[in-house]
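Please keep the sequence at hand while reading.

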Amino acid sequence: MIATKDWLKASWYAGRDMLRPVMGESPAHETRIKQEVPVMVPIRALGPSYRERITQHLLQLEPADRYLRFGYAANDEQIRRYAEQLDFNRDEIFGIYNRRLELIAMAHLAFSEHPEYKHCAEFGVSVLKQARGRGFGARLFERAVMHARNEGVNMVFIHALSENTAMLKIARKAGATVRRDGSESEAYLQIEPASLDTRMTEMVEQQFAEVDYQIKKQAKQFWDFLASVQEVRSGVQHARHQSAE
């Protein structure tokens with residue numbers, strides 16, 4: 001379970017960084033931000049109202065990434081069909097947003113419909129190219145496994161292409177057993193029953209993610225407002241300049 005001081009530290013970094021403008025950041029600033037990445041990544045559970053954002057996130061995946069995520073070269077229509085068929089009542093979708101409220105990473109925890117395998121779930125994840133190298137895939141897997149435990153699941157599966165080394169590395173690091181069968185691999189992780197610790201941790205993380213999202217939303221509205229004011233001001237100045245000529 002994440003310590004309270006780490007939660008407060010993460011909240012401080014999130015709140016402070018959300019109040020900075022999102023434009024014109026220097027490479028040095030980006031490096032410093034990466035060094036200050038909070039221990040706790042805000043991961044938010046997504047509902048049906050976010051279906052379009054999920055679709056847009058998946059459409060942004062490059063061809064090679066679509067191939068690794070779905071196991072085939074999914075075109076735009078197939079991705080839209082996948083998003084339309086997401087069952088938010090049965091499954092759980094988790095997402096990570098940047099400061100522009102863009103969905104940069106997403107995980108799908110699919111629960112089995114078959115009564116015989118009701119204690120099993122399958123995990124899938126996608127991270128946009130510009131958001132790689134920050135451990136988002138691993139954090140989403142940890143979040144999904146914790147939710148699976150709290151829902152009574154005792155086995156999480158990952159079906160991936162054998163060339164998807166990043167996903168298989170996440171699975172192995174978590175203690176999963178990986179079996180390779182030609183071009184495809186199957187990873188399965190036996191998980192322990194839920195505890196008071198896992199239930200409280202999930203509640204805290206969900207609350208933290210909600211606060212983080214609201215801060216980002218308010219900050220974005222603020223900077224959008226300033227941009228519109230600046231646009232109007234520039235238009236007035238331009239009109240004055242023309243009239244003076």
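On a 1 Å grid over the protein atoms alone, a cavity is a set of points where a 1.4 Å probe fits but cannot get out, while a pocket is an open set with protein on both sides within 12 Å along at least five of seven lines; lining residues have an atom within 4 Å of a point. Grid points are joined across faces, edges and corners, and a volume is the space filled by probe spheres set on the points. The model is a predicted one, in which local features need pLDDT of at least 70 and side-chain atom pairs count only at pLDDT 80 or more, whereas totals for chains, interfaces and linings use all residues. Residues are numbered from 1 along each chain as its sequence is written, and side-chain values use heavy atoms, with hydrogens and water left out.

The largest cavity holds about 40 Å³ of space, and its lining consists of Pro42, Arg44, Gly95, Tyr97, Ala209, Asp212, Tyr213 and Lys216. Helices (H or I, at least four residues) and strands (E, at least two) are DSSP runs, numbered from the N terminus. In these terms, β2 (92–97) and α8 (196–244) each contribute at least two residues to the lining of the largest cavity, and α8 gives the largest share, four residues. For the classes, Ala, Val, Leu, Ile, Met, Phe, Trp, Tyr, Cys and Pro count as nonpolar, Asp, Glu, Lys and Arg as charged, and the others, Gly among them, as polar. The lining of the largest cavity then comprises four nonpolar, one polar and three charged residues.

The largest pocket has a volume of about 1100 Å³. Of the 41 residues that line the largest pocket, Val125, Asn164, Ala166, Met167 and Ile170 lie nearest its centre. Among the elements that each supply at least two residues of this lining are α4 (63–70), β4 (120–127), α6 (136–150) and α7 (165–173). By class, the lining of the largest pocket has 21 nonpolar, ten polar and ten charged residues.

Side chains of opposite charge can pair when their charged atoms come close. A salt bridge is a side-chain nitrogen of Lys or Arg within 4 Å of a carboxyl oxygen of Asp or Glu, and by this rule the count is nine. One of them joins Arg132 to Asp65, with the closest N and O atoms 2.6 Å apart. This pair links distant parts of the chain, since Arg132 sits in the loop between β4 and α6 and Asp65 in helix α4, 67 residues apart. Buried means under 20% relative accessible area, exposed over 50%, and partly exposed in between (1.4 Å probe, protein chains only). Arg132 counts as partly exposed because its relative accessibility is 40%, whereas Asp65, at 16%, counts as buried.

Arg143 takes part in two of the pairings described here. Its salt bridge with Glu202 has an N to O distance of 3.0 Å; Glu202 lies in helix α8 and Arg143 in helix α6, so the pair ties together parts 59 residues apart in sequence. Both Glu202 and Arg143 are buried. Arg143 also forms a salt bridge with Glu205, the closest N and O atoms being 3.9 Å apart.

Helix α6 has 15 residues, of which twelve are buried. The buried residues include Phe136, Leu140, Arg143 and His147. After α6 comes Gly152, with a positive phi near 90 degrees.

Notes
The expected span of a helix is 1.5 Å times one less than its number of residues.
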